[in-house]
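Please look over the sequence and the model before reading on.

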Amino acid sequence: MKNKAYNMKSIILILIFMLPFKIFATNISNDELVKRVLIESGIDRQLSSYNEVLSLTIDQAFALEEKISDEEKYRLKSNFLNNLNNEKLIKLVEINVGKRLTKSELNKALKIYKDPFFKKFLQSEVNSANPEALQEMAIFVSKIGQNSPSNFRLQLINRLDAATKSTESSKVIVNNIFVSVMKNLNKINKKYTEDQLSEIINNYIFALEQGLGNQVKLFYLFTYKDFTDKELEKYITIYEENSEQTKINDALISSVNDFFVEYAVLVSNNFAQI
């Protein structure tokens, strides 16, 4: 049980470090502009890191499948990891972003990005997403009970999460991976009925959603701890009032969902060769 909780926490932490914060671009051709958008926002790094999330999620699923031998687990895991084509996923995101945003919209986002006020927040996000900040964040979280944030601060954090769709996009990633893994494992050992499998998947997703939502908010509290409520509200308002950010986040969520639907079919087809 301890290992399951640890794996869940590891998945959540990795996803938090991969959160797509801001999306900006430069005044170049449309295709290059979209690529710069992914680079500037860190989305390209996020999309290239899904193999680690996949690995941890597979281990979480294996914990529910005691009858599968270590040798079988190794072969199955290799099949999952080898079929994860990050470059294809990045290309899909580029296409969807290019379809949803005009060059004018991307350049408008760039203007926001160059704003000194906005840059301070971006730098804080980069610093907090550094694995080296983990210990500092752990200490900060441990003291939350002694120095609870105000209700207004919590409201701001909820607004920011809604504006960035950070929790929502992270759920899509892990949910798709876990469902794919569990369904394919069950084809091998036929351990669960369809109803039993659905119950297991739903219970896992429920636990994940509870934990992920809370962890994202704690991460935000830590990241913006040095900013006043007034500064944070101004920052959130900028984000809320620029539809370009919403469009790109929607493109990301849609792309990830479509990609893993296709990925599940590919992995399933390859199971006959294992």
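What follows is a short report on this predicted model.

Residues are numbered from 1 along each chain as its sequence is written, and side-chain values use heavy atoms, with hydrogens and water left out. Because the model is predicted, local features need pLDDT of at least 70 and side-chain atom pairs count only at pLDDT 80 or more, while totals for chains, interfaces and linings use all residues.

## The chain as a whole

The chain contains 14 helices and 0 strands. Both kinds of element are DSSP runs numbered from the N terminus: helices are H or I with at least four residues, and strands are E with at least two. Of the 274 residues in the chain, 49% are buried. Here buried means under 20% relative accessible area, exposed means over 50%, and partly exposed lies in between (1.4 Å probe, protein chains only).

The chain exposes about 13,800 Å², and carbon and sulfur atoms supply 51% of this area. Accessible areas come from the Shrake-Rupley method with a 1.4 Å probe, and for residues only the protein chains shown count as cover. Among contacts in the chain with a separation of 6 or more, 87% are between residues 24 or more positions apart. A contact means heavy atoms within 4.5 Å.

## Aromatic rings

A pair of aromatic rings is described by the distance of the centres and the angle of the planes. Rings of Phe, Tyr and Trp (its six-membered ring) pair if their centres lie within 6.5 Å; planes under 30 degrees apart count as stacked, over 60 as edge-to-face and the rest as tilted. By this rule the model has 14 aromatic pairs. Two of them are set out here.

| Pair | Centre to centre | Angle between planes | Class |
|---|---|---|---|
| F117 and F121 | 5.2 Å | 55° | tilted |
| F259 and Y263 | 6.3 Å | 15° | stacked |

F117 and F121 are separated by about one helical turn, because they are 4 residues apart in helix α8 (residues 116-128). Both F117 and F121 are buried. F259 and Y263 are likewise 4 residues apart, in helix α14 (residues 243-270), so about one helical turn separates them. F259 counts as buried because its relative accessibility is 6%, and Y263 counts as buried at 2%.

Ring pairs also join F117, F118, F121, F219, Y220, Y224, F227 and Y235 into a cluster. Where do the charged ends of K234 and K225 sit? The charged end of K234 sits over the ring of F117, 4.3 Å from its centre. The charged end of K225 sits over the ring of F222, at 4.2 Å from the ring centre. A charge sits over a ring if NZ of Lys or CZ of Arg is within 6 Å of the ring centre and within 35 degrees of the ring normal.

## Nonpolar cores

In soluble globular proteins, nonpolar side chains tend to be buried together. A nonpolar core is a set of buried Ala, Val, Leu, Ile, Met, Phe, Trp, Tyr and Cys residues joined through side-chain atoms within 4.5 Å. The largest nonpolar core in the model has 46 residues, and those with the most contacts inside it are L47, Y50, M182, F260 and Y263. Elements that give two or more residues to this core include α4 (50-62), α11 (166-189) and α12 (194-223). Helix α14 gives the most, with 9 residues.

Apart from this core lies another, of 21 residues, among them F219, L221, F222 and Y224. Not counting residues up to four places away in sequence, Y263 touches L54, F80, L81, N83, L84 and S180.

T223 is in helix α12 and counts as buried because its relative accessibility is 2%. The side chain of T223 reaches the backbone oxygen of F219 at 2.8 Å. Beyond residues up to four places away in sequence, T223 touches S124, E125 and S128.

D59 lies in helix α4. At 26% relative accessibility, D59 counts as partly exposed. The side chains of D59 and K77 make a polar contact (2.9 Å). A polar contact is a pair of N or O atoms within 3.5 Å; within protein, one must be able to donate a hydrogen and the other to accept it, and residues adjacent in sequence count only if both atoms are side-chain atoms.

E244 is in helix α14. E244 is buried, with a relative accessible area of 2%.
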